[in-house]
Amino acid sequence: MKVVQPSRSPAAQGNLTPLKCSYCDQERHSVDRCYFLHGFPVGHKLHGKNVKPPNRRKSAAHNTQASPVEST
Ligand SMILES: [Zn+2]
């Protein structure tokens, strides 16, 4: 009996390109599948909610800028 052991080499995945989302900057999915961009699937706890990925929250800060007292 031969027992084939799985290779533990980092290159075992061959030509599979590692998925990384260019929108939320998270891995294991591409921007085409990004839940933050396309919405969370039914059954997901964030379904129906407009959730911004963590790396996008800061960039929207200038939207609600409360300017201090302006001198007139
Ligand atoms: Zn994403």
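A: The answer goes from the whole chain to two residues in that segment. The model is a predicted one, in which local features need pLDDT of at least 70 and side-chain atom pairs count only at pLDDT 80 or more, while totals for chains, interfaces and linings use all residues. Residue numbers start from 1 along each chain as its sequence is written.

The protein has two helices and zero strands, where helices (H or I, at least four residues) and strands (E, at least two) are DSSP runs numbered from the N terminus. Of its 72 residues, 3% count as buried; a residue is buried if 20 or more other C-beta atoms, placed from the backbone, lie within 10 Å of its own, exposed if 12 or fewer do, and partly exposed in between.

Asp25 lies in the segment before helix 1, which spans 35-38. Asp25 is partly exposed, because 14 other C-beta atoms lie within 10 Å. Although Asp25 and Pro53 are 28 residues apart in sequence, their C-alpha atoms are 8.4 Å apart in space. The backbone of Asp25 has a positive phi, near 70 degrees, in a residue other than glycine.

Arg28 also has its place in the segment before helix 1, and this residue, which is not a glycine, has a positive phi of about 75 degrees. Most residues other than glycine have a negative phi. Arg28 is exposed, because 9 other C-beta atoms lie within 10 Å.
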